[in-house]
Amino acid sequence: MAGGRLGRGLIITLCAVLLFAGCWENPTKKACRQGVQALKRGHYTQSIRLLQKSAKLGGTNAPVAAIYNSLGLAYYRIGQPKNALGAFELSARLDPKLAEPVYNTGVIMAESGREAQAVACFEKA
């Protein structure tokens, strides 16, 4: 009977460990999620800090491209179009299939009076 309790206790412990391991969120995803939430709430400086942290922690190109696109949006919202353009450019290079950073670049180009460049971005997006 004692061996049965030990076995059952071990199984319960293993199940708990596996359950909590599945709930753990890696630091890159956590910082990205928090950065996007801050962006949606209008907390742009906080969003920039979290998204920069997420990008620095890394990952595969496609998620990092999305991180840089969000970072560009945050820079745009605080009136830093040059930083926004840099983030959008990097995002587009990391994932050429991602249309959002190309479109967002077009918006900035249109707002700054560079219509030909804006049109080219919109056509590409």
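Colleague: Which helix is the place of Asn104?

Modeller: Asn104 sits in helix H6. Keep in mind that this is a predicted model.

Colleague: Is Asn104 buried or exposed?

Modeller: Buried. Its relative accessible area is 14%, and the cut-off for buried is under 20%.

Colleague: What does Asn104 touch, leaving out residues up to four places away in sequence?

Modeller: Asn69, Leu73 and Phe88. Phe88 belongs to the H5 side of the contact between H5 and H6.

Colleague: And Thr105, where is that?

Modeller: Also a residue of helix H6. Thr105 counts as buried, at 13% relative accessibility.

Colleague: Which residues is Thr105 in contact with, neighbours within four places aside?

Modeller: Leu85, Phe88 and Cys121. Leu85 and Phe88 are among the H5 residues that meet H6. Cys121 is one of the H7 residues in the contact with H6.

Colleague: Let's do the helix pairs, then. At what angle do H5 and H6 cross?

Modeller: Roughly 155 degrees. H5 covers residues 81–94 and H6 covers residues 100–111. Their axes come within 8 Å.

Colleague: So how is H5 oriented against H6, roughly parallel or roughly antiparallel?

Modeller: Roughly antiparallel, because the crossing angle is over 145 degrees. The crossing of H5 past H6 is left-handed.

Colleague: Which residues meet there?

Modeller: From H5: Pro81, Ala84, Leu85, Phe88, Ser91 and Ala92. From H6: Pro101, Val102, Asn104, Thr105, Ile108 and Met109.

Colleague: How many of those are nonpolar, polar and charged?

Modeller: The contact of H5 with H6 has 9 nonpolar and 3 polar residues. No charged residues take part.

Colleague: Now the other side. How do the axes of H6 and H7 cross?

Modeller: At roughly 160 degrees, with the axes coming within 8 Å. H7 spans residues 115–124. That angle makes H6 roughly antiparallel to H7. This crossing is left-handed.

Colleague: Which residues make the contact of H6 and H7?

Modeller: Val102, Tyr103, Thr105, Gly106, Val107, Met109 and Ala110 on H6. On H7 they are Gln117, Ala118, Cys121, Phe122 and Lys124. By class, the contact of H6 with H7 divides into 8 nonpolar, 3 polar and 1 charged.

Colleague: I see Val119 on my screen. Which helix does Val119 lie in, and is it buried or partly exposed?

Modeller: Val119 lies in H7. It counts as partly exposed, at 42% relative accessibility.

Colleague: What separates the C-alpha atoms of Val119 and Tyr103?

Modeller: 9.6 Å. The two residues are 16 apart along the chain.

Colleague: Switching topic. What about H2 and H3, at what angle do they cross?

Modeller: Roughly 160 degrees, and the axes come within 8 Å. H2 is residues 27–41 and H3 is residues 44–57. The two helices are therefore roughly antiparallel to each other. Their crossing is left-handed.

Colleague: Who meets whom in H2 and H3?

Modeller: H2 brings Pro27, Thr28, Ala31, Cys32, Gln34, Gly35, Val36, Ala38, Leu39 and Arg41. H3 brings Tyr44, Gln46, Ser47, Leu50, Leu51, Lys53, Ser54 and Leu57.

Colleague: Where is Gln37 found, and how accessible is it?

Modeller: In helix H2. Gln37 has 34% relative accessibility, so it counts as partly exposed. Its C-alpha atom is 10.0 Å from that of Leu50, a residue 13 places away along the chain.

Colleague: Last bit, the overall picture. How many helices and strands?

Modeller: 7 helices and 0 strands. The order from the N terminus is α-α-α-α-α-α-α.

Colleague: What share of the protein is buried?

Modeller: 30% of the 125 residues.

Colleague: And what is the accessible surface?

Modeller: About 8,300 Å². Carbon and sulfur atoms account for 61% of that.

Colleague: Among contacts between residues at least 6 apart, what percentage join residues at least 24 apart?

Modeller: 39% of those contacts in the protein.

Technical notes. Residues are numbered from 1 along each chain as its sequence is written. This is a predicted model: local features need pLDDT of at least 70, side-chain atom pairs count only at pLDDT 80 or more; totals for chains, interfaces and linings use all residues. Side-chain values use heavy atoms; hydrogens and water are left out. Axes are lines fitted to C-alpha atoms, for helices over the stretch in contact, and angles run from 0 to 180 degrees between N-to-C directions. Helices (H or I, at least four residues) and strands (E, at least two) are DSSP runs, numbered from the N terminus. Angles under 35 degrees count as roughly parallel, over 145 as roughly antiparallel, 65 to 115 as roughly perpendicular and the rest as oblique. A crossing is left-handed if the near helix is turned anticlockwise from the far one by less than a right angle, and right-handed if clockwise. Contact means heavy atoms within 4.5 Å. Ala, Val, Leu, Ile, Met, Phe, Trp, Tyr, Cys and Pro count as nonpolar, Asp, Glu, Lys and Arg as charged, and the others, Gly among them, as polar. Buried means under 20% relative accessible area, exposed over 50%, partly exposed in between (1.4 Å probe, protein chains only). Accessible areas come from the Shrake-Rupley method with a 1.4 Å probe; for residues, only the protein chains shown count as cover.
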